[in-house]
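Take a walk through this structure, one step at a time. Keep the sequence beside you as you read.

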Amino acid sequence: MLLVLVAAIADGHGSHGLAFDALLAAVPFTAVSAIVTFGDHLERRGDPLLTMQALLWAIALALVVLSCAARSPARW
């Protein structure tokens with residue numbers, strides 16, 4: 001999530017290209033985190049904390065992908 005923070009700071013300073021690149025780089029890292037946490041959830045279904053973590057990583061992944069789509073230069 002450090003790359004998302006870098007994207008927010010870069011966007012605040014007017015460097016929109018760097019913000020897009022940072023968000024684009026954050027997608028695979030967020031996806032791997034979501035998949036690993038979901039795997040942990042499947043191994044230990046009784047743990048509500050792992051269930052919540054898997055859900056939150058899935059939401060984070062959706063938001064990062066949506067942010068990349070919204071910032072994409074191809075949409076203009």
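A residue counts as buried when its relative accessible area is under 20%, and as exposed when that area is over 50%. Anything in between is partly exposed. Keep in mind that the model is predicted.

Start with threonine 30. This residue sits in helix α2. Its relative accessibility is 3%, so threonine 30 is buried. What lies 2.7 Å from a polar atom of its side chain? The backbone oxygen of alanine 26 does.

Alanine 26 belongs to helix α2. With a relative accessibility of 5%, alanine 26 is buried, because the cut-off is 20%. Now look across to valine 65. In sequence, alanine 26 and valine 65 are 39 residues apart. In space, their C-alpha atoms are 9.0 Å apart.

Next comes isoleucine 35. Helix α2 holds this residue too. Is isoleucine 35 buried or exposed? Its relative accessibility is 60%, so isoleucine 35 is exposed. Tryptophan 57 is 22 residues away from isoleucine 35 in sequence. From C-alpha to C-alpha, the two are 8.5 Å apart.

Step back to the helices themselves. Helix α2 covers residues 16–43, and helix α3 covers residues 48–71. The two pack with their axes 8 Å apart. The angle between them is about 155°. An angle over 145 degrees counts as roughly antiparallel, and α2 and α3 are therefore roughly antiparallel to each other. The crossing of α2 past α3 is left-handed. Which classes of residue make up the contact of α2 with α3? There are 18 nonpolar residues, 8 polar ones and 2 charged ones.

Now turn to charge. Side chains of opposite charge can pair when their charged atoms come close. How many salt bridges does a search of the whole structure find? The search finds 1. Arginine 71 and aspartate 11 form a salt bridge through their side chains, at 2.6 Å from N to O. This pair ties together distant parts of the chain. Arginine 71 is in helix α3, while aspartate 11 is in helix α1, which spans residues 2–12.

Notes: Residues numbered from 1 in each chain as written. Predicted model: local features only at pLDDT ≥ 70, side-chain atom pairs only at ≥ 80, totals over all residues. Heavy atoms only, no water. Axes fitted to C-alpha atoms, helices over the stretch in contact; angles between N-to-C directions. Helix = DSSP H or I, 4+ residues; strand = E, 2+ residues; numbered from the N terminus. Parallel < 35°, antiparallel > 145°, perpendicular 65-115°, else oblique. Left-handed = near helix turned anticlockwise from the far one by under 90°. Nonpolar A, V, L, I, M, F, W, Y, C, P; charged D, E, K, R; others polar. Salt bridge = Lys/Arg side-chain N within 4 Å of Asp/Glu carboxyl O. Buried < 20%, exposed > 50% of the residue type's maximum accessible area, 1.4 Å probe, protein only. Polar contact = N/O pair within 3.5 Å; in protein donor to acceptor, adjacent residues only side chain to side chain.
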